Amino acid sequence: MLSLLYQEGPSTKGIFRRSGSAKTFKELKEKLDSGAEVDLARESIFVTASLFKDFLRNIPGSILSSQLCDKWISVLDQGNNEEKIKSIQRLIEHLPRANAFLLRYIFGVLHVIEMRSEENQMNAFNLAVCIAPSLLWPPVSSTPDIESDFIKKISSLVQFLIENCCRIFGDEIASLFGEI
């Protein structure tokens, strides 16, 4: 999924914002959940993006770890950008290895999409609004007002991560999947 999003996302207007066919999504999700082979290259990239967000939402405790939720949310309250980046890097070190590995690839994809935002209309802010709720959620349910405030904060954090991903993850992040 990430490889397809890396290849097609930068040239796809509204990637992650638009959703594909709900029927196709449901059918493909059922096939994937049952372990069947699926050729996503033959499907709409919007369905692939929806499947990927669904995959992220189903990671137990979220990819950024709900246990670290308060620490993630407070990152942007810290001093300058350098301090924020160092705090983020420390938090990534506390994630399970698989989560940190996947996170790197996710932000590699988001970075290349954001680099072509003139074409796809998905700048860091727009990407963050679409993907942030799939990356982190509070460990306990809350009221709609608290949840709305939380989504704004996590979206700001994800926007910061996208805008600074080369400094956070390293310059090679832009070429994890090779050439577009």
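This is a predicted model: local features need pLDDT of at least 70, side-chain atom pairs count only at pLDDT 80 or more; totals for chains, interfaces and linings use all residues.

Over residues 1-169 I read 66% helix and 0% strand for the chain, with the end C-alpha atoms 20 Å apart.

Entry on helix packing. I next took helix α6, residues 97-115, together with helix α9, residues 144-163, and found that they pack at an angle of about 80°, their axes being 9 Å apart. Because angles of 65 to 115 degrees count as roughly perpendicular, I noted α6 as roughly perpendicular to α9. On the α6 side I listed Phe 107, Leu 110, His 111 and Glu 114 as making the contact, and on the α9 side Val 158, Leu 161 and Ile 162. Sorting the contact of α6 with α9 by class, I have five nonpolar residues, one polar and one charged.

Entry on aromatic rings. How many aromatic pairs does the structure hold? I have three on record, and I followed up one of them, that of Phe 101 and Tyr 105, whose rings lie 5.1 Å centre to centre with 50° between the planes, so that the pair is tilted. Phe 101 and Tyr 105 are separated by about one helical turn, because they are four residues apart in helix α6. Is Phe 101 buried or exposed? I noted Phe 101 as exposed, since its relative accessibility is 53% and the cut-off for exposed is over 50%.

Key
Residues are numbered from 1 along each chain as its sequence is written. Side-chain values use heavy atoms; hydrogens and water are left out. Axes are lines fitted to C-alpha atoms, for helices over the stretch in contact, and angles run from 0 to 180 degrees between N-to-C directions. Helices (H or I, at least four residues) and strands (E, at least two) are DSSP runs, numbered from the N terminus. Angles under 35 degrees count as roughly parallel, over 145 as roughly antiparallel, 65 to 115 as roughly perpendicular and the rest as oblique. Contact means heavy atoms within 4.5 Å. Ala, Val, Leu, Ile, Met, Phe, Trp, Tyr, Cys and Pro count as nonpolar, Asp, Glu, Lys and Arg as charged, and the others, Gly among them, as polar. Rings of Phe, Tyr and Trp (its six-membered ring) pair if their centres lie within 6.5 Å; planes under 30 degrees apart count as stacked, over 60 as edge-to-face and the rest as tilted. Buried means under 20% relative accessible area, exposed over 50%, partly exposed in between (1.4 Å probe, protein chains only).
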